[in-house]
Amino acid sequence: MTLGLEAYLMLAALLFSAGMYGAVSKKGAVQVLMSLELMAVGVDLNLVAFSRYVTPVEMTGQFFTVFVMIVSAAEIGLGLALVLAIFRSARSSEVDSLAELKG
Amino acid sequence: MTDTYTLVAFGVLALVSVASAVGMLTARNVVHAAYCLLAVSIAAAGLFALLEARYLALMQVLVYAGAVAILNLFTIMITLRRREDAVRPRDFSWPGLALAVTFFAAVAVAVAGGVLVPGVEPDVFPGVREFGERLFEIEGWVLPFEIASLVLTAALVGAVWWSREEGER
C-alpha cells in the first residue's frame, strides 16, 4: 500500500470541515478566529499535496500556499486587533456582543 | 522500506492533527484550545516536510506555530479578566455539524470519484534553493509576491491602528 494524493486530500478535507464547524458554532471571537486558522491549515495542506503529486517540479501549489499563508496571517492579525477593539468598547469578546454595530 | 516509513509518519501526523483539531473544538478551556491549535500547526509542518515542501514546513513552524500561536495566547490573556473566564461552556450547534458533515461528504465523494492526473515524478525533488530561485524570477512569482507583501504591510498597519486606545487615534 502506497501513500497517494487521496489520503492527503481526505485529511485536508477533514481539517477544513472541523474548522468550518468551529467557525459556525463557536461563540467566542478568539475561538472563531482559531477555527478559521484550522481551515487555512486544511487549504494549505491541500495545495501542497497537489503540488507534490501533480506539479512536483514547477511547485505551483507551494507558491499558492505562500500566498494563502500571507493572507491568513494578515487576516489573523486584523481579526485579533478587531477583537481587542471590540473588547475595549463592549468589555466582552463574545460574537454576540457584535449585534450592536454603532459605537 | 521508504514507503513504510512514509506511511507510518503520515499515519502518526494525521492522527495527531485530527485528534488535536477535535481537541481544539471540544476543549472547555480557551488556553487548552490554543495549545491544540499549536499541535495542529506543528503536525501540518511535518506533513509539509513529508510532501517535500521543506521551505513551507519551516515557514509553517515560524508563522503559525510561532507568531500566530503567540498572538492567539496574548489576545486570550488580554481579553480574560479572571482565570475562571478561560473555562467556557461547550458551544454546540446541530446546523454547524450538519454543514461540516455535508461538506466533508461532498469532498470525499469528489475525491473518491475524481480522476487525478499525477505529474512526472523527478528523481530529486526541488529544495529550498530551487524554490527561492523560482519565487524571485522576473517571469515567475516575484510580482504577486511583492503585492502580497504590500497587502500584509497594509493589514498590519491597520491592526496597529485598530488596537490602539480610542483617544490615541
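Tutor: A salt bridge is a side-chain nitrogen of Lys or Arg within 4 Å of a carboxyl oxygen of Asp or Glu. Keep in mind that this model is predicted.

Student: How many salt bridges does the structure hold over all chains?

Tutor: There are 2. In one of them, Arg54(B) pairs with Glu52(B), and the closest N and O atoms are 2.9 Å apart. Arg54(B) is partly exposed, at 42% relative accessibility. Glu52(B) is also partly exposed, at 22%.

Student: Which residue forms a salt bridge with Glu133(B)?

Tutor: Arg129(B) does, with 3.3 Å between the closest N and O atoms. Both residues belong to helix 5 (residues 128-135) of chain B, where they sit 4 residues apart, about one turn of the helix. Arg129(B) counts as exposed because its relative accessibility is 61%, and the cut-off for exposed is over 50%. Glu133(B), at 42%, is partly exposed.

Student: How are two packed helices described?

Tutor: By the angle between their axes and the distance between the axes. Here, helix 3 (residues 60-90) of chain A and helix 6 (residues 142-162) of chain B have axes that come within 8 Å and cross at roughly 10 degrees. Helix 3 of chain A is therefore roughly parallel to helix 6 of chain B.

Student: What classes of residue make up the contact of helix 3 of chain A with helix 6 of chain B?

Tutor: The contact has 16 nonpolar, 2 polar and no charged residues. Among them are Phe67(A), Ile70(A) and Gly77(A) in helix 3 of chain A, and Phe145(B), Leu152(B) and Trp162(B) in helix 6 of chain B.

Notes. Residues numbered from 1 in each chain as written. Chains lettered and ligands numbered in written order. Predicted model: local features only at pLDDT ≥ 70, side-chain atom pairs only at ≥ 80, totals over all residues. Heavy atoms only, no water. Axes fitted to C-alpha atoms, helices over the stretch in contact; angles between N-to-C directions. Helix = DSSP H or I, 4+ residues; strand = E, 2+ residues; numbered from the N terminus. Parallel < 35°, antiparallel > 145°, perpendicular 65-115°, else oblique. Contact = heavy atoms within 4.5 Å. Nonpolar A, V, L, I, M, F, W, Y, C, P; charged D, E, K, R; others polar. Buried < 20%, exposed > 50% of the residue type's maximum accessible area, 1.4 Å probe, protein only.
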